[in-house]
Every structure is written in structure tokens, then in C-alpha cells.
Amino acid sequence: MTTSRSYANPYAAGTALGLLLLLSFVVAGRGLGASGAFAWIAARIASTNPYFERYLAADGWLVAEIAGVIAGGFLSAALAGRLRRGVERGPRLGVRARLACAFGGGAAMGIGAALARGCTSGLALSGGALLSVGSWAFMLAAFAVGFALAPAMRWAWR
Amino acid sequence: MALMFALAVGIAFGFILERAGLGTAPKLAGQFYLADFTVMKVMFTAIVVAMTGAFWLARLGVIDLEGLAVPETFLLPQLAGGAIFGAGFLIAGLCPGTSCVAAASGRGDGLAVMAGMFAGILGAGLAFSPFFTTTAFGAWTVPQLLHVPYAAVAGAIVLAFAVAVRKPILIAVALVTALGGSPYRMHTVEPRELAAWIVEKKPGLQIVDARTAAEFALVRIPRSENRPGDGAITVRAAGHDYVLRGGIEAWTNEVVKTQHPTPTTIYFAPLRRHGC
């Protein structure tokens, strides 16, 4: 492995992220998001219904933003020497099993995000900062279930 | 132009997530085994910074808090969705935003999470049922839920953060914020609208008349209380503050003396007879 920079202090990263979110609020009146971009694309290939309608009507903001996230993540990883092909997994999990878990877990998050109309970025983070009841309910439910099921998923991670 | 800004915000977002190490699944999953609290540290710090910043910018009149997009609350779908999401987060080890960062830095598992996310959203979207829209509360905030001032909730969250990270200086920020007053701009309410609120007994309706006691004794709005001060008539309803447009004159002209019988004026007709 080549030398790679160590990770940033989480409080410094959190402060930077908070200021970025604030800038987005001030300039655009809206926060960050991630799952919305997936819904935006899905809405363009699925037959429309009340769920997809709002994403069909939405502008390209979400997709432009998530394209930026991919570019920014690539840029940071490249500058820090962390650009590496591979599959990251727990010590006892094979590559195939890990990819299956990643896809399955991703699908569950997709279902959850569709029901909740948002994910960790748009609903929990951005809505949490604006004290939305739904955002805090989502956040508490997600972390509670994550912690409650963690012992059952130990084989995958520890 | 807006899309360029969205792209720039996204680049910074992705950059920060990667810098913090949030593009690597075992690190994220570590939170559920109490081994790595990076996710919570980053997230809670960001929420506190953005929340406090938005509060003070609104309080100082730089931004209009009501102009910001507060995610709508659909309580049951969001609790259920949160639970399913939490299970998925544990299994995948990445969340939607961080999976994009993982994929961008070359991780195949990040790409698999993105593919799963897309399949899940597409499937759930196609399976749309009325449950998705149950328990809809609109843009509902925690201060409205608890019936306490916005500043108090913001201050309490900063205080919890100060205790969690053991930073005494932040206790001062929490206190100043808690006593910071309302971040909402004063909105005006039309006399007729206020009359309708009085008739329908709008929840939490409070009318404060800051004219002199003598003026108040002469003409008064039903259910209002007199607190002599700057002469304005302010209304508090459903957690928002309003100023009665045109004051008592507009009220007298548009509600009490109006010649057009409406449900409102019919209701207030007996008051007119008593010289109010």
C-alpha cells in the first residue's frame, strides 16, 4: 500500500460540512441530498405515480449535486492517495458475499428512503438542522434499528 | 447557474465526506459496534453548526427561516422508512451519499450499494401505496411539536452537543442561543383573517394589544389582552408571530364597520351594537 494521508479530524470535517450546508441554505434555500438523485432518475424511467410525480417535477439540482459528490470524492481520494480499486469488507466476509450484502443493504436503504422521502443527507442532516419532526424521527429510528440489529450482523463486520 | 452551484456544493460535500474517511464501509459500520464514532461526530457537528448558523442568520434578518425547505413530515412512513433504512445501513456499511464517495474512490462495494439503492427506490416507488402519505403533518418542526420557542430547542441541542464533546465554551453558545428570541420574521395578518381566527378559535391564539389602557377601554378586539407598550397589536398563532396590519383602525373599518355581511361580520354584529 502506498502512503496515504490520515483522515481529517471528524469535528473539523463536521464543522466544514455544517458551514457548507448553511451556505446552501443561504444561497439556494435548500440543503444537501443524495437519495433524491436516484429517485429523480428512477422517475424518468418508471411510469408515473404520486411518488415519482414530485421527482419528475423536480429540477436537476439533485443530480447535479450528486455528480459533484462523485467528482469531489474522487478528487479528495486522489489527492490523499486513497484511490484504490477493491472491495472493502469485514475480516470474515468474502468478496461475493460482501457485494451481495452491499446490494441488499442498498436496496433496503432505497426502500426506506422512498418511504421516508429522503436519506441521511437530505432528510436527517439537512432537515435535522431545520428541526423537522420527520427528520429527527427518521434519524432516531434508523440509528435505533442499526444498533439493535448490529449483533446479528457481527459476522459481516467484526 | 443554479446547477453550477449545486455541482460546486456536491463537490465540496463529496470532498468533505472522503476527507473524514466516510467513503470506507468498515469505518462506517464500526459505529454500530461502538468502535468508530466518526459518522456521528461529523453528522452531529454539522447539524449543530448549520442549525445554529441558520438560527442566527434568521434572527439577525439575513435570511428568512420560512424560506428554507423544511422536509415535510409523514410520521409513520418516516419511522418505518427509518427502521428499514437503518437495517440497510448496517448491512451495506454505507449510506446513499457515502456510497457515491466509496464508488468514486474505486470501491466495488460502493458501486454495489448505489445499484441496490437505485433498485430499492425504483421498486418501492412502483409499489407506491396510500401508506406513503399517511400521517402527513407538512413542514412541522420540533418547537411546534413541543410548543416551546425555537430558540429553546436549538439551545438544548447545542447544550447536548457541548456535554457530549465536553466543550464548556459551547455551553455559552447554547445559553445565548436559547435566549436568542424568535428567528421568524414578523408577518402581518389581515384584520379579516384575524377575525376568522377568533371565530374558529385557532389553537394557541394570543392577541396582545400594546396601546394605552384608555384606548383599549374604548375599542378592543375580542379575546385580546392589554399590555401597554409600543401601540402595536401583535398576534401569536400556531407558533408564529404576526402584526395586525393597519392596527385598530383597519380592524374597525374592515371588520367592525363593514357593510358587507359575511359570516365574520354577522358574528361580530352583536359586538357592534355594544359600541365595540
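Me: How many salt bridges are there over all chains?
Reply: This is a predicted model. Side chains of opposite charge can pair when their charged atoms come close. A pair counts when a Lys or Arg side-chain nitrogen is within 4 Å of an Asp or Glu carboxyl oxygen. Over all chains, the count of salt bridges is seven.

Me: Which residue of chain A meets Arg107(B) in a salt bridge?
Reply: The pair crosses between chains. Arg107(B) sits in the loop between H5 and helix H6 (108-126) of chain B. The partner lies in the loop between helix H4 (61-79) and H5 of chain A. With 3.2 Å from N to O, the partner is Glu88(A).

Me: Is Asp36(B) buried or exposed?
Reply: Asp36(B) meets Lys27(B) in a salt bridge, 3.1 Å from N to O. Lys27(B) has 18% relative accessibility, so Lys27(B) counts as buried. The cut-off for buried is under 20%. Asp36(B) is at 18% relative accessibility, so Asp36(B) is buried.

Me: What is the relative accessible area of Asp209(B)?
Reply: Asp209(B) forms a salt bridge with Arg211(B), with the closest N and O atoms 2.8 Å apart. Arg211(B) counts as buried at 9% relative accessibility. Asp209(B) is buried as well, with a relative accessible area of 0%.

Me: What is the volume of the largest cavity?
Reply: Rolling a probe the size of a water molecule over the atoms shows where empty space is left. Here there are four cavities of 30 Å³ or more. The space in the largest cavity is about 150 Å³.

Me: Which residues make the nonpolar surface patch of about 350 Å²?
Reply: Helix H8 (150-165) and helix H9 (169-178) of chain B each give two or more residues to the patch. Val163(B) is found in helix H8. Val163(B) is exposed because its relative accessible area is 56%. The patch is made by Leu159(B), Val163(B), Ile171(B) and Leu175(B).

Me: Where is Cys101(A)?
Reply: Cys101(A) is buried, with a relative accessible area of 12%. Its C-alpha atom is 22 Å from that of Gly36(A), 65 residues apart along the chain. The place of Cys101(A) is in chain A, in helix H5 (residues 95-116).

Key
Residues numbered from 1 in each chain as written. Chains lettered and ligands numbered in written order. Predicted model: local features only at pLDDT ≥ 70, side-chain atom pairs only at ≥ 80, totals over all residues. Heavy atoms only, no water. Patch = residues over 30% accessible without salt bridge, like charges linked within 9 Å, V, L, I, M, F, W, Y side chains within 5 Å. Areas by Shrake-Rupley, 256 points an atom, 1.4 Å probe, with all protein chains shown as cover. Helix = DSSP H or I, 4+ residues; strand = E, 2+ residues; numbered from the N terminus. Buried < 20%, exposed > 50% of the residue type's maximum accessible area, 1.4 Å probe, protein only. 1 Å grid on protein atoms, 1.4 Å probe; cavity = no way out; pocket = protein on both sides within 12 Å on 5 of 7 lines; lining within 4 Å. Points joined across faces, edges and corners; volume = space filled by probe spheres on them.
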